[in-house]
Every structure is written in C-alpha cells, then in structure tokens.
Amino acid sequence: MPNQPSEKQLAATVSVVVLNDKSAQFFDEGIELPAKIHTFFGPSEEGITSIDIHLVQGESSLASENTSIGKWRISGFPSGPEQDDRCAEVVFAIDQEGILTIQSNPVGNLDVLLLTEATPKVKLR
C-alpha cells in the first residue's frame, strides 16, 4: 500500500505551466509544509506588458494531464526593451493547511500588480 502523506506534507506536486504543455515542478509531492518559493517572472519580448502564470497539481510533466489550480496575470511592465529590472519577484507559499498564497513584488522602480481570475489563496489537495 502506498505511503499517505501526513497532514503536514503536500499530497501532490505543484508545477508551473511553461511552453508547449510542459510543466516545471515548483513543489514536490511529500514536501514538508509550510513551504515557500521565491522566483522571478518577466516579459521575454519587447512590447509585452503582462505575463500569465498557470499552476497545475499532479505528477505528469504534461500540464494537460494535471489538475489546474488557477491562472494569474502579472501586469504593469513597461513596454520598452528587455531590461533586468523588467521583472517581478513572485512568492508562492503553502501553509500547514495546504493553502497556496501567491504574491507579486515589483523589482526596481516597477509598479507591478498581481491580478487573478480566481482568489489568490487556493486550497490544495
């Protein structure tokens, strides 16, 4: 019989969707909770002023085979050429009850906002 994660462990992997239905793992199944990851997101091309973040939960490397957790948009990037300061620090935190919270912090002089299609707090399975 497979081991069941304890109440203070994540039951399934959480990943961010990247190019062409691929997903990159952020939090591994069984990780002790609470857990937090700081990472940076920004536009990859000139003229783009927002980016979308799509998180999924499941064990497949294909995003479409996992369960969508939610989609968030970071907007407010200047439309000028690529620069190191055209990014936002994004903090993904999971508390002991499995509640995922996402926050966006501007880098440099940016006034970046985190917008969401759902609540910025999501209960993970």
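The model is predicted, so local features are given only at pLDDT of at least 70 and side-chain atom pairs only at pLDDT 80 or more, while totals for chains, interfaces and linings use all residues. Residues are numbered from 1 along each chain as its sequence is written, and side-chain values use heavy atoms, with hydrogens and water left out.

**Confidence and fold**

- The protein averages a pLDDT (the predictor's confidence in each residue, from 0 to 100) of 82, and 79% of the residues score at least 70.
- Confidence is highest in β1, at 93, and lowest in strand β8 (residues 113–116), at a mean of 62. Where pLDDT is low, the predicted coordinates should not be read in detail.
- The protein has 0 helices and 9 strands, where helices (H or I, at least four residues) and strands (E, at least two) are DSSP runs numbered from the N terminus.
- Among contacts (heavy atoms within 4.5 Å) between residues at least 6 apart in sequence, 58% join residues at least 24 apart.

- Of the 125 residues, 36% count as buried, with buried meaning under 20% relative accessible area, exposed over 50%, and partly exposed in between (1.4 Å probe, protein chains only).

**Salt bridge**

- The structure holds 1 salt bridge, a term that requires a side-chain nitrogen of Lys or Arg within 4 Å of a carboxyl oxygen of Asp or Glu.
- Arg73 pairs with Asp52 in a salt bridge whose closest N and O atoms are 2.6 Å apart. Because Arg73 lies in strand β5 and Asp52 in strand β4, the pair ties together parts that are 21 residues apart in sequence.
- Arg73 is partly exposed at 39% relative accessibility, whereas Asp52 is exposed at 52%.

**Ser79 in its loop**

- Ser79 is found in the loop between β5 and β6, and counts as partly exposed at 45% relative accessibility.
- Although 32 residues apart in sequence, Ser79 and Gly47 are 4.2 Å apart in space, C-alpha to C-alpha.
- Beyond neighbours within four places in sequence, Ser79 is in contact with Glu46, Gly47 and Thr49.
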